[in-house]
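Subject: Structure handover

Hello,

The structure I mentioned is below, and my notes on it follow. Please read them with the coordinates open.

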Amino acid sequence: MAPSAALRLAANLSWLFQEEAGLAARMEAAARAGFRAAELAFPYAEGAPEEVSAAAQRAGLELVLLNTPPGNRDNGDMGLGAVPGRQPEFREALDLAVQYAKELKCPRIHIMAGRIPVDAEREAVSAEMEATFIENLRYAADILAQENLTGLLEPINSRITDSKYFLTTPQQGHIQIAQVPGRHEPDSPGELNYPYLFQLLESMDYSGYIGCEYKPKGDTLKGLGWAHSYWESHGLLHGGS
């Protein structure tokens, strides 16, 4: 029986290949390791859009996802989409994300919801934050439609990863993977059976990307045995088609 069509793995370069100095070097390392696509959480401090685009082209990587700017991370920001009173900042952040996405030919933008204020209870502010998020998403939907871009939402679990992140309800969409609970390689000890999950996604004819957003236990390349085995099982060499 011929193997099923292989799922498309994208290296999240905000997590993987941190052994390399600079985004361009991480892109080259990802390409050498066999990846043909990558995600960039926040490319904004890595250079102008055309510089980041040139680095991706040199590495031969397709860029498939970036995030909207998070706001002021030193003050605890993790996105502005649902943060009341900061709609002008959200629109500026979205404009910047669109600028990068167009230059990078990246079709997807993750619209970050943001965090509940440190001194607030979730129940007390959830209604206002939801209304703000809906307002901002309506604005973003119009902008993204004009630019032929897709907006994505990523619920983040509030028990382990970020107790203050606003959006915690799972929704169908782009998939990112990491082992539970350590957030290491998919084949590291943990709760999730990734070979089974990959087979399930294949059986559903999932054609999107699988973002590898995990924290390597050591050297990124040495921990990629799981990806190389997966590619080889589908008759692929170094992730190529």
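Glu147 forms a salt bridge with Lys102, with the closest N and O atoms 3.3 Å apart; a salt bridge here is a side-chain nitrogen of Lys or Arg within 4 Å of a carboxyl oxygen of Asp or Glu. Glu147 lies in helix α4 (residues 122-147) and Lys102 in helix α3 (residues 87-104), so the pair ties together parts that are 45 residues apart in sequence. Helices (H or I, at least four residues) and strands (E, at least two) are DSSP runs, numbered from the N terminus. Glu147 is partly exposed at 29% relative accessibility, and Lys102 is partly exposed at 47%. Buried means under 20% relative accessible area, exposed over 50%, and partly exposed in between (1.4 Å probe, protein chains only).

This is a predicted model, in which local features need pLDDT of at least 70 and side-chain atom pairs count only at pLDDT 80 or more, while totals for chains, interfaces and linings use all residues. Residues are numbered from 1 along each chain as its sequence is written, and side-chain values use heavy atoms, with hydrogens and water left out.

The count comes to six salt bridges. Among them is the one between Glu46 and Arg26, whose closest N and O atoms are 3.5 Å apart. Glu46 is in the loop between β2 (37-40) and α2 (49-59) and Arg26 is in helix α1, so this pair ties together parts 20 residues apart in sequence. Glu46 counts as partly exposed at 37% relative accessibility, whereas Arg26 is buried at 9%.

The side chains of Arg115 and Asp162 also meet in a salt bridge (2.7 Å, N to O). This pair links distant parts of the chain, with Arg115 in the loop between β4 (108-110) and α4, and Asp162 in the loop between β5 (150-152) and β6, 47 residues apart. Arg115 is partly exposed at 30%, and Asp162 is buried at 9%.

Next, the pocket. The largest pocket has a volume of about 1,500 Å³. On a 1 Å grid over the protein atoms alone, a pocket is an open set of points where a 1.4 Å probe fits, with protein on both sides within 12 Å along at least five of seven lines; lining residues have an atom within 4 Å of a point. Grid points are joined across faces, edges and corners, and the volume is the space filled by probe spheres set on the points. The lining has 43 residues, of which Glu154, Pro155, Gln176, Arg183 and Glu213 lie nearest the centre. The elements that give two or more residues to this lining are β3 (62-67), β6 and α5; α5 provides the largest share, four residues.

Trp226, Ala227, Tyr230 and Trp231 are the buried residues of α6. Seen down the helix axis, they fall within an arc of 130°, so they line one face of α6; the arc is that of the directions from the axis to the C-beta atoms. Their cover includes β1 (8-12), α1 (23-33), β6 (175-177), α5 (194-203) and β7. Thr220, in the loop between β7 (209-212) and α6 (225-233), is buried at 0% relative accessibility. Leaving aside neighbours within four places in sequence, Thr220 is in contact (heavy atoms within 4.5 Å) with Leu16, Phe17, Gln18 and Glu19.

Regards
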